[in-house]
Every structure is written in structure tokens, then in C-alpha cells.
Amino acid sequence: MFGPLDKYAAPERFYLLCKSMGPWLSAISLLLFLVGLYGGLVYAPSDYQQGDSFRIIYVHVPSAWMSMFVYVVMAVSGAMGLIWKVKISDAIARSCAPLGAAFTFLALATGSIWGKPMWGTWWVWDARLTSELILLFLYFGYMALQAAIEDRRMAARAGAILALAGLINIPIIHYSVEWWSTLHQGPTVSKMDAPSIHTSMLIPLLIMFLAFKLYFFAVLCMRARCEIIEQEKNSRWVKQLARGGVDS
Amino acid sequence: MNPRRRKILFSVIFIVAGVGVATALVLKAFQENLLYFYSPSQIASGEAPDSRLFRVGGMVVDDSVVRDPNSLKVSFDLTDTAHTVTVQYNGILPDLFREGQGIVANGQLQDGGVFVAKEVLAKHDENYMPPEVAEALENAGAEVQYGDYKTGK
């Protein structure tokens, strides 16, 4: 079905791939975090209006981007599990949910902390903030569904349908600031003309974004390994793995 | 692709498209309620509600801020470059409040066309730059662009 990628779709191969990739992803992500945080907190100049308070974007913006990216990964792998019965895609989707929820929470919390001094309020019910809150509830709903249904394959199927139905929220979050008048400002980096952020501030932001993304894949590798072992606990290779672990 | 998988694929596409269309229609129906604020032009054309609280957003007009020396009362004009509305407020203004800044005020329109605000929030724009760059831009005569206030798109 997926050509040369097919062999990695076998749970055992994917488990080993995750095992070998995990440490590399973690190490590179840690390095990028150090560089990005130094760039954001020390190297970048303070803003002409907000002073140093603007530096919260180095956590807020990457987590908000990741909150949407993780959801898409979760929904797409859920769909692949539904249609092509790819075994590992259920494990990937299931591993995504708590991570995505954490990124969403981080985006909401940091935004709220910034909003109090800058806007004058912790929270407003404008389209951007409300749709991001709905995203958090979608993740919670997915996790609750996984916990409530005992049969793993049934749970994966129900979760995939929920994730797909909620997918419409992603473009709504992204375009909310353009479609409706909101208190949240419009896009800075992803608009058509040049980003309206000074280069010295933009570079640390992009490094932080990369760090967040690699962190996600590193943790996804770890979580997916656990999920696969649990899912395949009756297969021979997992039993062998367990025996080897006890012996050595 | 075998028929069974094709069937599931079509149901997946159907779910995503169906939810998408339904959401689009709902959002279209609630378009007006989703606007966080009205613009001064919408007030001028009578689109804003006159009997309940609503929000108005715009830029604070230069030299329009008048403070009462004995209290927290303040009055200023908001503009979307086409129309202007005068806002009166009694309270503490957010840090980012200044002339030329985007502001969202929540309150009610009085008979005289004056907007009496219960709450004033600063709307930050999407521009980030060091102070020196902002200064250089100002010296060059370029005006810093604030978020647009054209609503009701």
C-alpha cells in the first residue's frame, strides 16, 4: 500500500525504529531548546511596546502551532487505522492525545498570563480563544473515550471517528482571527507578505518551533513503543522481548 | 483497494465533509454573534444594538484623550478611519492603552451617540520589533500599521 514504507508498518519494525530514533530526537530537541531559549530570552531585543513581556511568544506560539499539528497527526493516523487497518496507526493516534492536550493547555495558560497585563483580562470569549478551548475538550473527549472502551480496537475506531469529526475545528482556529473580529491579534508569521516580526525576534521563534516539534516526535516514539507492546502483548516477538528483558 | 476499504474510505470522507458543511452553515448563521466587537462605521450605519451591551473596537484618535484631574474618568475617541465614536470610561486603563493603539471597549451607546464603557481592553497588533526599529520607522515617516478594524466580513 505505502511502497517501501510498508515494512515499517509492521509493529515489530516500527517498535525498533522508535527505539533507535528516540534518543537522537531527544538529544537534538534538547540542544534546540537550549539555543532557542537563549535566543528568545537573551539575544532577542525587547519589543517597542510590550517590553520583555513579549518573550512569552517563544513558548506560546510554538505550543499553539503544535496543538493543531498534533491533532492533525492524530486524526490522519486514526483514519489510516480505520481504512487500511494499519496496526501501528492506532498506537500512534492513541499516543498523540495527551501530548496534544498538554500543548493546548500550555498555549491557553501562557496566553492567559500574557493577556492579563497586555489586554487587561485573563480571558475573553472571542473566536480564537473559544475554538482553542474546544480543541482542549476534543482531546479530553478522545482520551475519555479511549479509557471508557475496554476493547482496544473498538476504542481506536470510536476515537478515530471522534477525531475526524473534530478536524473541522483546526481551520476554524487558524482562520478565526481573519474571519471574525477578535481580541486576539492576527497572524504574524504565516501571512502572505513578509512576517511582521523583526528577524532578530523571528529566528529564535523558529528554532523553538523546531525544538517543540522534535520534542513531540521524541515523546511520541516513547509512548508509541508502550502502546505497541501492550497492543501486541500476545505476539511472539513481544513475549521474546519480555523474556530477554528478564534474562539479561 | 478492496470494496470494503473503499466503503470505509468514503464514509470517512463523508464524515469530514458532512461535519465541515454543517459547521460552516452554523457559523454562517451565527456570524453576527461571533464578532467580538463592532466598528465605529457599523455603529454609524445602525448595525450595532442600541438596547444592550456590546463592544466597539478601533484606534484611539491622537490628542483625543481627556482625563478628569479629580477622578479616574477618561474620555477618548475611537476611529476605524472612516467613522469616529466618543467613549467615556471610569476605571483603570490597561498598560497598552495609548493614542494610536487598538482598543476594544465594552458598554452601551447613549442617546447622544456617546459610548459609555464598563470595560476597556487593549487589542495588541501582530507587529513585533525592537524600539530602535520602531523609532527609525517613525522618523522615516512610515506609520506603524495597526490591526485592521474592518468587521462584518
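## Cores, interface and salt bridges

Student: Which residues touch the most other members in the largest nonpolar core?
Tutor: In this predicted model, A:Ile57, A:Tyr58, A:Tyr71, A:Met74 and A:Phe216 do, out of 63 residues in that core. A nonpolar core here is a set of buried Ala, Val, Leu, Ile, Met, Phe, Trp, Tyr and Cys residues joined through side-chain atoms within 4.5 Å. Buried means under 20% relative accessible area, exposed over 50%, and partly exposed in between (1.4 Å probe, protein chains only).

Student: And which helix gives the largest share of this core?
Tutor: Helix 7 (residues 199-231) of chain A, with 14 residues. Helices are DSSP runs of H or I with at least four residues, strands are runs of E with at least two, and both are numbered from the N terminus.

Student: What is A:Phe216 in contact with, leaving aside neighbours within four places in sequence?
Tutor: A:Met66, A:Phe69, A:Val70, A:Cys96, A:Leu99 and A:Phe103. Contact means heavy atoms within 4.5 Å. Apart from that core lies another, of 31 residues, including A:Val124 and B:Phe115.

Student: New topic: how much area is buried between chain B and chain A?
Tutor: About 3700 Å², and carbon and sulfur atoms give 63% of it. That is the accessible area (1.4 Å probe) that two parts lose on being put together, summed over both. In chain B, B:Tyr36, B:Glu126 and B:Tyr128 lose the most area to chain A, together 21% of what that side buries.

Student: How many residue pairs are in polar contact across the interface of chain B and chain A?
Tutor: The count is 6, with both residues at pLDDT 80 or more. A polar contact is a pair of N or O atoms within 3.5 Å; within protein, one must be able to donate a hydrogen and the other to accept it, and residues adjacent in sequence count only if both atoms are side-chain atoms. Salt bridges between chain B and chain A come to 0.

Student: How many salt bridges over all chains, then?
Tutor: The whole structure has 4. The rule asks for a side-chain nitrogen of Lys or Arg within 4 Å of a carboxyl oxygen of Asp or Glu. A:Arg94, A:Arg152, A:Glu227 and A:Glu230 are linked in a network of them.

Student: Where do A:Arg94 and A:Glu227 lie?
Tutor: A:Arg94 is in helix 3 (residues 87-118) of chain A and A:Glu227 in helix 7 of chain A, so their pair ties together parts 133 residues apart in sequence. The N to O distance is 3.6 Å, and A:Arg94 and A:Glu227 are both buried. A:Glu227 also meets A:Arg152 at 2.7 Å, N to O, and A:Glu230 meets A:Arg152 at 3.4 Å, N to O.

Student: Is A:Glu230 buried or partly exposed?
Tutor: Partly exposed, at 45% relative accessibility.

Student: Last one: how many disulfides over all chains?
Tutor: The count is 0, where a disulfide is a pair of cysteine sulfur atoms within 2.5 Å. The sulfur of A:Cys18 is 4.0 Å from the closest cysteine sulfur, in A:Cys221, which is too far for a bond.

Conventions. Residues are numbered from 1 along each chain as its sequence is written. Chains are lettered from A and ligands numbered from 1 in the order in which they are written. This is a predicted model: local features need pLDDT of at least 70, side-chain atom pairs count only at pLDDT 80 or more; totals for chains, interfaces and linings use all residues. Side-chain values use heavy atoms; hydrogens and water are left out.
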